[in-house]
Structure formats: structure tokens, C-alpha cells
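Biologist: I am just starting out with protein models. Please walk me through this one, a feature at a time.

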Amino acid sequence: MERSTTSWLRTLGIQLSLCFALYIVLNLGQPQKLVYNDNGSPFDLYFISVRGGFRSLQEQTHLLKLMGNVAKAYDLKFVVNISELGEDDSLMQNVTRLSPLLNVPWYTTGGSKHDGFGCFLHQVKLPRGRMLDILSLNTTSLQDTVVVGSPSGKRGNLSNWLTRTLKATTSDWRMVVGFHPLVACKENEEEFTAKLIDEPLHHIFVKFGVNVYLSQQGCFSYALQDNVAYIGNPGLIKENSRLGSGNGRYRIRTEMTDGFLLHRLGSLEMVTYFVTSAGEIVNKIVVQQRGRQVM
């Protein structure tokens, strides 16, 4: 019992130290390599995902500066921009001018010029010969069919592309990104549970071992369905949105929240932190390899 308590206290101390060090990086503008790395290793890869969309110039400048400080502190490798506007998103267009520290590749959802219907695959080399697949889906083409409930040519094209692309790769980690969330809230007495919006797409994820689907946030910040982790990026949340998880617990935000997700990708897990524009860490998600667990 004593050994268990000591181990728990040590883990808590490491996590608190990480949060404090990240707070210093964000608020004092003094990027540095952190001593405590949340049980990470030198072989881990860091990246950011951020919610695109309209922000004032002042808000963009502030957000990109914070992201730049984190990029330097963690040797950031790339940024995923979750946007309906694709490469025309103002955050992408202004990043070079407003935050030179964010001189890393940006991958964006929606309206991509990589092919005719807005989907692309990008493979990122990880340490020790591993590989990460980033598959971007143009989920706008799904919205009408989700409402009507009938398949369409656009849905068929997207499903065929996703299936064909996943069949052709054998990467260690598979992350699909899209603008629209694929998990909704289902009210059951006094709690909310996760409900899949698009079962056919989810079945493809399960069949081909997709670890994570990353999108803008709906009513859940994360949910685990059949070993697939659905993570919502809560940047630009509207007032009174519910922030919850698939286990029914939720809380209400009464103010506009902006920020970004910082991800640490290792050989066995992906750890995600939501960092607000005030430099506060308000959420942590851990996804095990092949999406076996979310905490």
C-alpha cells in the first residue's frame, strides 16, 4: 500500500511539473526544453491541431504567438488546421507574418487542392522506422446525406477513396481528420452518451484500424467507440456549449473558449492537451496504440 501511494504521488508530481513548465512557456514567452515530459521519451513526436475560422487580427496574433512558443519548446513537427475553408483559411495565410516560430508544415481540412474532392493522405516518418498516416476527409460532402439518410455519389467517392487509401498503407498510427464531428450527444435520463452520426464511415475506421478521428468539437471533447477515439478540437466554442466525454459526464462553458490541442505521439500512446488562449491546460486525453483506451 505504501509503495502504491508513493508511485501515485510521483506520477502526480510529474504531471503538475509538466503543467507548470508549459504554463511558463506560454505566458512568459521563454521557450525551453522541459525537464518533465509526462513520461515521454526523446523519440516522441509533437504536433498541434487548431480550429480554423474567423478571428480578429488581435486574436490571431495572440493565438499564433502562443503556438509559436510551444513549437520552439517542443520541436514541433507540423500543424493540423481544422477548417471549412481549407487553404484559404486566414490562420494559415497569416501564420508566416504573425508567428515566424511556426515555420513547420501545415495540413488543413476542407477544400484541399490535393485532388478533386478535398481528400489527401500525408505520411509522416516517426523515429525508429515508424510511420503516421494523416488522412484528410472533405466531410462537407457527407452532411446532406447524413440528414437525408440516403447514399450519394459524393459519399461513395469519399468512402471508396478512404477504403482504397487505408488498404494501401501499413503505418503504425492512423489519424483521420475532418471538419465535422462524427459523434453526437444522446440524452438518456440525467446523462449524455455518445451516439455515432455516420455508422458506415465508422465501420471503415474499425475495419482498417484507425486510431483517431480528429475534428472540430461537437457536444463531446472525446469519445471512444469500438476502439476508435473521436477527439474534438474545442477552439472557438460558442457560449453554453457542453464539454463532455462518452461516459456521460459533462460541464457547461459560459464564455467563448479559444486555444489549440498539443499532441505527443509515442510508440504506444498519443497524449493530447487542450491549451486555452489564456495558457491554461484544461483537458488531457490518452489514446493507446490502435485506440484501445481513452482516459
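Modeller: Happy to! Let's begin with rings: one aromatic cluster is formed by Phe47, Phe78 and Tyr107. Please keep in mind that this is a predicted model, where local features need pLDDT of at least 70 and side-chain atom pairs count only at pLDDT 80 or more, while totals for chains, interfaces and linings use all residues. Residues are numbered from 1 along each chain as its sequence is written, and side-chain values use heavy atoms, with hydrogens and water left out.

Biologist: How many aromatic pairs are there by the rule for rings?

Modeller: Rings of Phe, Tyr and Trp (its six-membered ring) pair if their centres lie within 6.5 Å; the pair is stacked if the planes are under 30 degrees apart, edge-to-face if over 60, and tilted otherwise. By this rule there are six aromatic pairs. Take Phe78 and Tyr107: their ring centres are 5.6 Å apart and the planes stand at 50 degrees, so this pair is tilted. The two come from distant parts of the chain, with Phe78 in strand E2 and Tyr107 in strand E3, 29 residues apart. Helices (H or I, at least four residues) and strands (E, at least two) are DSSP runs numbered from the N terminus.

Biologist: Is Phe78 buried or exposed?

Modeller: Buried means under 20% relative accessible area, exposed means over 50%, and partly exposed lies in between (1.4 Å probe, protein chains only). Phe78 has a relative accessible area of 1%, so Phe78 is buried. Tyr107 has 13%, so Tyr107 is buried as well. Another tilted aromatic pair is Phe205 with Tyr230, at 6.3 Å centre to centre and 45 degrees between the planes. This pair also links distant parts of the chain: Phe205 is in helix H6 (residues 199–207) and Tyr230 in strand E11 (residues 228–233), 25 residues apart. Both Phe205 and Tyr230 are buried.

Biologist: How many helices and strands are there in the protein chain?

Modeller: The protein chain has six helices and 16 strands. Of its 295 residues, 51% are buried. A contact means heavy atoms within 4.5 Å. Among contacts between residues at least 6 apart in sequence, 63% join residues at least 24 apart.

Biologist: Now for helix packing. At what angle do helix H2 and helix H3 pack?

Modeller: Two packed helices are described by the angle between their axes and the distance between the axes. Here helix H2 (residues 57–74) and helix H3 (residues 90–98) pack at about 65 degrees, with their axes 10 Å apart. Axes are lines fitted to C-alpha atoms, for helices over the stretch in contact, and angles between N-to-C directions run from 0 to 180 degrees. The contact uses Leu57, Gln60, Thr61 and Leu64 of H2, together with Ser90, Leu91, Asn94, Val95, Arg97 and Leu98 of H3.

Biologist: Which residues of H3 are buried?

Modeller: In H3 the buried residues are Leu91, Met92, Asn94, Val95 and Leu98. Their cover includes strand E1 (45–51), H2, strand E2 (78–82) and strand E3 (106–108). At the start of H3, a side-chain oxygen of Asp89 comes to within 3.0 Å of the backbone nitrogen of Leu91.

Biologist: Where is Ser83 found?

Modeller: Ser83 is in the loop between E2 and H3. With a relative accessible area of 1%, Ser83 is buried. Apart from neighbours within four places in sequence, Ser83 is in contact with Gly52, Gly53, Asp89, Thr108, Thr109, Gly110 and Phe179.

Biologist: What should I know about phi, and what is phi of Arg128?

Modeller: Most residues other than glycine have a negative phi. Arg128 has a positive phi near 60 degrees. Arg128 lies in the loop between strand E4 (120–125) and strand E5 (131–136), and is exposed, with a relative accessible area of 63%. Asp75, also not a glycine, has a positive phi of about 55 degrees. Asp75 sits in the loop between H2 and E2 and is partly exposed at 41% relative accessible area.

Biologist: One last thing: how many residues apart in sequence are Ser221 and Gly232?

Modeller: They are eleven residues apart in sequence, and 4.7 Å apart in space, C-alpha to C-alpha. Ser221 is in strand E10 (residues 220–225) and counts as buried, at 8% relative accessibility.

Conventions. Polar contact = N/O pair within 3.5 Å; in protein donor to acceptor, adjacent residues only side chain to side chain.
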